[in-house]
Amino acid sequence: MGILGQILMWGGIIGGAIFGIQILIMAFKTSIGWGLACLLLGIPTLIFVAKNWAMCKTPFLRMLACYAVMGIGMALTAYGLMSGGMPQ
């Protein structure tokens, strides 16, 4: 369980980073101000996605899906660590 959890966790992290970078590129294409705000702060990214939902919908939802996969991977990793160390 631990190895599967690690694979899912790292896959979710890498996928989430890729889609986050796609949103960041969209912000820089809109304007330098949006791009810098999204790069340096967290909240402007959510505001940018809300204001430009039609453009950002697909990468944002894919990023959320990747974070869900990451969470499942973390849970499986924790379960594997706890069950592997228990005496039987």
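Buried means under 20% relative accessible area, exposed over 50%, and partly exposed in between, with a 1.4 Å probe and protein chains only. The model is predicted, so to speak of local features requires pLDDT of at least 70, side-chain atom pairs count only at pLDDT 80 or more, and totals for chains, interfaces and linings use all residues. Residues are numbered from 1 along each chain as its sequence is written, and side-chain values use heavy atoms, with hydrogens and water left out.

**Exercise 1.** Describe the fold and the overall extent of the protein chain.

*Solution.* Begin with the elements, where helices (H or I, at least four residues) and strands (E, at least two) are DSSP runs numbered from the N terminus: the protein chain has 4 helices and 0 strands, in the order α-α-α-α from the N terminus on. The C-alpha trace spans about 60 × 25 × 15 Å along its principal axes. Finally, buried residues make up 27% of the 88 residues.

**Exercise 2.** Work out which residues join α2 to α3.

*Solution.* With contact meaning heavy atoms within 4.5 Å, Trp34, Ala37 and Cys38 in α2 meet Pro44, Thr45, Ile47, Phe48 and Lys51 in α3.
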